[in-house]
Amino acid sequence: MDQTDSVIHFNIQASDQLTWNVEPLLHEVKHALERLATEDETSVIDLRSIPLAPGEEDRILEILGLGEVVARLNVLGSSDVVETEYSGVWVVTHYNENEETIGRFIEVTRMPEILRSQAEDVAEASERLALRLEDEQQEKQTSNKLAVEK
Amino acid sequence: MASHSDKEKTLGDVLRSHGVSRRSFMKYCATTASMMAMSPAMIPMIAEALENAKKPSVIWLSFQECTGCTESLTRAGASTVENLIFDSISLDYHHTLQAASGHRAEEAKEEAMHENHGKYLLVVDGSIPMDNPGYSTIAGISNYDMLMEAAEGAAAIIAVGTCATYGGLPKASPNPTGAVSVSDLIKDKPIINVPGCPPIPVVITGVLTHFLTFGALPELDDLGRPKAFYGQSIHDRCYRRPFYDKGLFAETFDDEGAKAGWCLYKLGCRGPTTYNACATTKWNNGTSFPIESGHPCLGCSEPEFWDGGGFYKALSIPTADVGETVLYTAAGAAAAGVALGALNRATKGSANKAHEKVTLEDLEK
């Protein structure tokens, strides 16, 4: 594409320069990371609550980069939980069923809470597995009984 | 429409019966907090409140309106999370969305009002004609009678859209139907104003969710609008604000300034006098908002925006007593913003008073 193309002109983020909200937000992340390292305090920043120009969110994500963990959750539509290049800084993006972004958060934590298996789900899963095994056992007993009768 | 037994369930029960995992519920709470413009620190409290929230009955009345507000609301339904909100309220009457019609629809409304007297949430879009009740009726009942009857047993009223909140387009000069807003007529019930033409979809669902979550009204400004969404001006949250502060303005829609994304103040932008969440929440699932698409804000969430002077005239241009001096002085100093805002409001008032009716001859010139 020609650099003089009008689309490029309209995109005021086309340069590599940091824009107005990118740098303060990255400093906020830096301070949050310091607090995590020294006081084990976690922080969450809602990217929807900050006025960002076109391209600024991409610039923030580009600077934070991609780290060691990428997880895709299947929860009411999908969600991506990605650790950035900076350990302890995670980007959590929630999508609806049409894969449209409905929320994006920067979480500064050792592990985003949504990644953990939840106590309620664990309790429900434990009951479900026990029932499943009971059913299997009953089916096995029924088929054994039928085999003996034959 | 939910069955009677469903209404006894808490939202937590409803979600579990839909097979929604705790992890999904947490996602729901995180996006709900974001939607209600609340701090992420509030997420655990929202989770606890939502877990125990009961399904409220909602009655939605539409009067002199264009159905744009309902169109907007249904656009919010693209998301599974927002669909869950509607699973968790009992929308007992909405004559555009409900399947029932005629007497059966009116009976459903009567039943919901009777069963939930004093507890239901009344949502209203559209203004109410006071000159002649025959201008707008539903099932032979005038808008005024229907509103007053439904308001009597409501816990709270949400006026959705600029018509219900301030009279809107029907009230525009010369106001042929004598249109008035909900708050002009009802003084003894809590009213939440959710203006906009239309309001942002998630602002409508956000206000409903706030009531569902906390069972109380959100904090309101002096015009009865929730501060979470209407607490800051478009101008203060606009990503083009730094251009305004530097005095860099687009002068026409196709000049170099417009192409470079400079401030649209001189092209009539109402951002400095308009309070709404467009600049951060944005439209079409967060895609953009009018200024991002290169068009000035029309100020649709402010009272009498239709009569506030030409949409493409800068706020400081219409009257000689304000003049261009303010524009250039303020452009150089952000500190002047507050004073400019006050002058802009005065200007808008003068423009309202000076507004003259456009005749057919004018249009044919």
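Q: Where in chain B is B:His235 found?
A: In this predicted model, B:His235 is found in helix α13, residues 234-237 of chain B.

Q: Why is B:His235 counted as buried?
A: A residue is buried if 20 or more other C-beta atoms lie within 10 Å of its own. B:His235 has 25 C-beta neighbours inside 10 Å, and therefore counts as buried.

Q: Which residues is B:His235 in contact with, leaving aside its neighbours within four places in sequence?
A: They are B:Arg241, B:Gly271 and B:Pro272; contact requires C-beta atoms within 7 Å.

Q: What makes B:Cys269 buried?
A: The cut-off is again 20 or more other C-beta atoms within 10 Å. B:Cys269 has 29 such neighbours, so this residue counts as buried. Its place is in the loop between α15 (256-259) and α16 (278-281) of chain B. Not counting residues up to four places away in sequence, B:Cys269 touches B:Leu264, B:Ile291, B:Pro296 and B:Cys297.

Q: Which feature does UniProt place at B:His235 and B:Cys269?
A: The unreviewed UniProt entry places the feature "binding site" at B:His235, B:Cys238, B:Cys263 and B:Cys269.

Q: How do you know that these positions cluster in space?
A: They are spread over 35 residues of sequence, yet the largest C-alpha distance is 11.3 Å.

Q: How many residues of chain A are in contact with chain B?
A: In chain A, 33 residues are in contact with 30 residues of chain B. The largest share of this side of chain A comes from β5(A), with four residues. By class, that side has 15 nonpolar, 11 polar and seven charged residues.

How values were computed
Residues numbered from 1 in each chain as written. Chains lettered and ligands numbered in written order. Predicted model: local features only at pLDDT ≥ 70, side-chain atom pairs only at ≥ 80, totals over all residues. UniProt positions renumbered as here; feature names shortened; annotations may be inferred. Helix = DSSP H or I, 4+ residues; strand = E, 2+ residues; numbered from the N terminus. Buried ≥ 20, exposed ≤ 12 C-beta atoms within 10 Å, placed from the backbone. Contact = placed C-beta atoms within 7 Å. Nonpolar A, V, L, I, M, F, W, Y, C, P; charged D, E, K, R; others polar.
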